Amino acid sequence: MLPWLHIAMVWIHLLAMGTALGVTLALVMSGENGGASGKLLNSAVGFLLLTGALLTYVRFQGALRAGVPVFDTSSLLIAVKLLLLIALGAFFGIAAKKGRAGEQNSARGLYLASLAVIALASLLGLLV
Ligand code: HEM
């Protein structure tokens, strides 16, 4: 893997993380999920998944080439992050539905829970 490509993927991963964090924070304040913020959130989750999968592939390749075990503690952390991302997708979906139904407080609660999930995933990301 070219070093600059790896760095670019980590950057996109972090940019998507920042976008998800920022938009979710804004949605906790407003409880409204207008079209633009919803699309931005979905794109951020999509980019996180895509770059995360590519980074995982790069890690696997590196481990294979170095002849060290492919599965280690980091693999577990990555698996937990994948589960957190799936939970995040569900939270966003339900929150958008609540927002459309006029239940702003429920939507806010879900965005707050999402914020905690993103924070946890970011911490795990730093440990990978
Ligand atoms: C909630 C979503 C996620 C957040 C907030 C998040 C955040 C982060 C952060 C902060 C890092 C550290 C980057 C660094 O230290 O250079 C990282 C690295 C990483 N993430 Fe994620 N991540 C998320 C989802 C995922 C998913 C779903 C996968 C895999 C399918 C994944 C795979 C990785 C890998 C493999 C690395 C290590 C990159 C490297 O240095 O080689 N992440 N992530």
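Student: Which handedness does the crossing of H3 and H4 have?

Tutor: This is a predicted model, in which local features need pLDDT of at least 70 and side-chain atom pairs count only at pLDDT 80 or more, while totals for chains, interfaces and linings use all residues. Residues are numbered from 1 along each chain as its sequence is written. A crossing is left-handed if the near helix is turned anticlockwise from the far one by less than a right angle, and right-handed if clockwise. By that rule, the crossing of H3 and H4 is left-handed.

Student: How are H3 and H4 oriented to each other?

Tutor: Axes are lines fitted to C-alpha atoms, for helices over the stretch in contact, with angles from 0 to 180 degrees between N-to-C directions. Angles under 35 degrees count as roughly parallel, over 145 as roughly antiparallel, 65 to 115 as roughly perpendicular and the rest as oblique. H3 and H4 pack at about 165° with their axes 9 Å apart. The two helices, H3 and H4, are therefore roughly antiparallel.

Student: What pattern does the protein chain follow along the sequence?

Tutor: Helices (H or I, at least four residues) and strands (E, at least two) are DSSP runs, numbered from the N terminus. The protein chain has 4 helices and 0 strands, and its C-alpha trace spans about 55 × 25 × 20 Å along the principal axes. Read in sequence order, the pattern is α-α-α-α.

Student: How are H1 and H4 oriented to each other?

Tutor: The crossing of H1 and H4 is left-handed. Their axes, those of H1 and H4, come within 9 Å and cross at roughly 155°. That makes the orientation of H1 to H4 roughly antiparallel.

Student: What is the make-up by class of the contact of H1 with H4?

Tutor: Two residues are in contact if their C-beta atoms, placed from the backbone, lie within 7 Å. On the H1 side the residues include Met-17, Leu-21 and Val-28, and on the H4 side they include Arg-108, Leu-115 and Ser-122. Ala, Val, Leu, Ile, Met, Phe, Trp, Tyr, Cys and Pro count as nonpolar, Asp, Glu, Lys and Arg as charged, and the others, Gly among them, as polar. The contact of H1 with H4 has 10 nonpolar, 3 polar and 1 charged residues.

Student: What is the make-up by class of the contact of H2 with H3?

Tutor: The axes of H2 and H3 come within 11 Å and cross at roughly 165°, and the two helices are therefore roughly antiparallel. H2 passes H3 in a left-handed crossing. Among the residues that meet are Gly-38, Val-45 and Gly-52 in H2 and Ile-78, Lys-81 and Phe-92 in H3. By class, the contact of H2 with H3 has 9 nonpolar, 4 polar and 1 charged residues.

Student: Which helix supplies the largest share of the shell around the ligand?

Tutor: The helices H1 (3-30), H2 (35-66), H3 (73-100) and H4 (104-127) each give at least two residues to the shell around the ligand. By class, that shell has 16 nonpolar, 5 polar and 2 charged residues. The largest share, 7 residues, comes from H2.

Student: Which of the 23 residues around the ligand come nearest?

Tutor: A residue is near a molecule or strand if its C-beta atom, placed from the backbone, lies within 6 Å of it. Of the 23 residues around the ligand, the nearest are Met-17, Gly-52, Leu-55, Ala-121 and Gly-125.

Student: Is Thr-51 buried or exposed?

Tutor: Thr-51 lies in helix H2 and touches Met-9, Ile-12, His-13 and Ala-16, leaving aside residues up to four places away in sequence. A residue is buried if 20 or more other C-beta atoms, placed from the backbone, lie within 10 Å of its own, exposed if 12 or fewer, and partly exposed in between. Because it has 20 C-beta neighbours inside 10 Å, Thr-51 counts as buried.

Student: How many C-beta neighbours does Val-23 have inside 10 Å?

Tutor: Val-23, in helix H1, touches Ser-37, Leu-40, Leu-41 and Ala-44, not counting residues up to four places away in sequence. Val-23 counts as buried, and its number of C-beta neighbours inside 10 Å is 22.

Student: What percentage of the 128 residues in the protein chain is buried?

Tutor: Not every residue of H1 is in that class: Leu-21, found in helix H1, counts as partly exposed with 17 C-beta neighbours inside 10 Å. Across the 128 residues of the protein chain, the buried share is 19%.
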